[in-house]
Amino acid sequence: MKDRLLLSILLGGLAMLVVELRFEHREALGETWHAWIPLAYAAATLLAGAVTLLVWSPGWRRALAVLFAAGVAVGLGGLWFHSGGHPIHNVLGVLAVWRLPPGQVGAIKIGSQPPALAPLAFCGLGTLGLLACYKAG
């Protein structure tokens, strides 16, 4: 029962991420095809998750584990797209912000580019979901 509860919480977190993502990607969805990737992934994972929670069979838990593992790839792909194909440069730029005094924005104009690290939320949820599915199995 604890395993189902844990997976329910993770799927709830994914559902909240989808709500936020749909809002944040509202403009990008009409401009680029890759803005649809996390929404399509999340829809498939939520659907498979609902079936898994209802049926609770080893096969469905394995399928859900595969989808959660794919979440790591979705997050890394999002990092690539959000950074314009230069993830290391962008991540170093994000980390350099820690050297700025509070209230300073540095050389980055706020809202001028997508948040580079935001897609890594899929990596975190995917990893936790993968662990939860293997624990349940």
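Here is a stop-by-stop tour of the model, with what to select at each stop.

**Before you click**

This is a predicted model, in which local features need pLDDT of at least 70, side-chain atom pairs count only at pLDDT 80 or more, and totals for chains, interfaces and linings use all residues. Numbering starts from 1 along each chain as its sequence is written, and side-chain values use heavy atoms, with hydrogens and water left out.

**Stop 1: the whole chain**

Show the protein chain as a cartoon. Helices here are DSSP runs (H or I, at least four residues), strands are runs of E with at least two, and numbering goes from the N terminus. Along the principal axes, the C-alpha atoms fill a box of roughly 50 × 35 × 25 Å.

The protein chain exposes about 8,700 Å², and carbon and sulfur atoms supply 72% of that; the areas come from the Shrake-Rupley method with a 1.4 Å probe, and for residues only the protein chains shown count as cover. Of the 137 residues, 31% count as buried. Buried means under 20% relative accessible area, exposed means over 50%, and partly exposed is in between (1.4 Å probe, protein chains only).

Now for contacts, meaning heavy atoms within 4.5 Å. Among those in the protein chain with a separation of 6 or more, 74% are between residues 24 or more positions apart.

**Stop 2: the core**

Select Leu7, Leu14, Leu64, Phe68, Phe122 and Cys133. These touch the most other members of the largest nonpolar core, which has 21 residues. H1, H2, helix H3 (58-82) and helix H5 (120-136) each supply at least two residues of this core, and the largest share, 7 residues, comes from H1. A nonpolar core is a set of buried Ala, Val, Leu, Ile, Met, Phe, Trp, Tyr and Cys residues joined through side-chain atoms within 4.5 Å.

Stay on Leu7 and bring up its neighbours. Leaving out residues up to four places away in sequence, Leu7 touches Leu53, Trp56, Leu64, Phe68, Gly129, Ala132 and Cys133.

Next, pick Ala42 in helix H2. Ala42 counts as buried because its relative accessibility is 0%. With residues up to four places away not counted, Ala42 touches Leu14 and Val18. If you draw a distance to Leu76, 34 residues apart along the chain, the C-alpha atoms come out 15 Å apart.

**Stop 3: two ring pairs**

How many aromatic pairs does the structure hold? There are 2. Start with Trp33 and Phe81: their ring centres are 5.8 Å apart and their planes are at 80°, so this pair is edge-to-face. The pair links distant parts of the chain, with Trp33 in the loop between H1 and H2 and Phe81 in helix H3, 48 residues apart. Next come Tyr41 and Phe122, also an edge-to-face pair, at 5.9 Å centre to centre and 75° between the planes. This pair links distant parts too: Tyr41 in helix H2 and Phe122 in helix H5 are 81 residues apart.

Rings of Phe, Tyr and Trp (its six-membered ring) pair if their centres lie within 6.5 Å; planes under 30 degrees apart count as stacked, over 60 as edge-to-face and the rest as tilted.

Are Tyr41 and Phe122 buried or exposed? Both are buried. Trp33, by contrast, counts as exposed because its relative accessibility is 63%, and Phe81, at 33%, counts as partly exposed.

**Stop 4**

**Stop 5: two loop residues**

Go to Leu29, in the loop between H1 and H2. Leu29 counts as buried because its relative accessibility is 10%. Setting aside neighbours within four places in sequence, Leu29 is in contact with Arg22, Ala35, Trp36 and Leu39. The C-alpha atoms of Leu29 and Leu39 are separated by 9.9 Å.

Finish at Trp56, in the loop between H2 and H3. Most residues other than glycine have a negative phi. Trp56 has a positive phi of about 50°, and at 22% relative accessibility Trp56 counts as partly exposed.
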